[in-house]
Amino acid sequence: MICSLWLIAPPAYALDVQPGLWQDTVTGEVNGKPIPRKVTTNCVTPAQSKDVVKQAQAGLRKSMKELAGQCSKLAIGQDGNVITFEMKCGGGKEGSVEATTVITVHSPRHTTNVAKSTIDFVGQKRVSAVTTDSRWVAAACKK
């Protein structure tokens, strides 16, 4: 399969987040059943905090190289404070993956990420919808 659509939209404006310690709260469901709520923390470096769209585009470009020839759609776009990713890969006997992720940067200290995917592998279908609510906690990361 040949990648027929590579859409990399230029950012409307840079979206920066606060570097430091962030808390992520993950909720959602897989195949209609709720998943356990999970709370984790992660450290966002000053380099990672600058222009979330640019960081996302770099990650997507890496994925495009790795998945070249396997995906009919790999796209990223931005509308104001909302970043959207779309992916459609595979098909046939080897299975397929369709995924959409929408990241909303509410403020430099609060983001949400809503990811929806359908994975079909060897006749087994997995449909998930997961939301990650991320909030800045502190300027220093715990070591």
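How many helices and strands are there in the chain? There are two helices and nine strands, where helices (H or I, at least four residues) and strands (E, at least two) are DSSP runs numbered from the N terminus. Along the sequence the pattern reads β-β-β-β-α-α-β-β-β-β-β.

Before the details, the ground rules. This is a predicted model, in which local features need pLDDT of at least 70, side-chain atom pairs count only at pLDDT 80 or more, and totals for chains, interfaces and linings use all residues. Residues are numbered from 1 along each chain as its sequence is written, and side-chain values use heavy atoms, with hydrogens and water left out.

Confidence next. pLDDT is the predictor's confidence in each residue, from 0 to 100. The chain has a mean pLDDT of 82, with 83% of its residues at 70 or more. Contact here means heavy atoms within 4.5 Å.

On the chain as a whole, 29% of the 143 residues count as buried. Buried means under 20% relative accessible area, exposed over 50%, and partly exposed in between, with a 1.4 Å probe and protein chains only. Of the contacts between residues at least 6 apart in sequence, 51% join residues at least 24 apart.

Now the largest pocket. A pocket is defined on a 1 Å grid over the protein atoms alone, as an open set of points where a 1.4 Å probe fits, with protein on both sides within 12 Å along at least five of seven lines; lining residues have an atom within 4 Å of a point. The volume is about 450 Å³, taken as the space filled by probe spheres set on the points. The lining has 17 residues, and Val 17, Val 44, Val 52, Ile 103 and Thr 111 lie nearest the centre. At least two lining residues come from each of β2 (20-30), β4 (38-44), α2 (52-67), β8 (110-121) and β9 (124-138). By type, the lining divides into eight nonpolar, eight polar and one charged. Ala, Val, Leu, Ile, Met, Phe, Trp, Tyr, Cys and Pro count as nonpolar, Asp, Glu, Lys and Arg as charged, and the others, Gly among them, as polar.

Two of those strands also carry a serine pair. Ser 117 lies in strand β8 and Ser 128 in strand β9. Their side chains are joined by a polar contact of 2.8 Å, that is, a pair of N or O atoms within 3.5 Å, one able to donate a hydrogen and the other to accept it, with residues adjacent in sequence counting only if both atoms are side-chain atoms. Ser 117 counts as buried because its relative accessibility is 16%; Ser 128 is buried too, at 12%. Beyond four places in sequence, Ser 128 touches Glu 29, Val 30, Ala 115, Lys 116 and Ser 117.

Ser 49 is buried, with a relative accessible area of 0%. Its contacts beyond four places in sequence include Val 17 and Val 44.

Last, a loop residue. Asn 31 sits between β2 and β3, and its phi is near 50 degrees, a positive value in a residue other than glycine. Most residues other than glycine have a negative phi. At 45% relative accessibility, Asn 31 counts as partly exposed.
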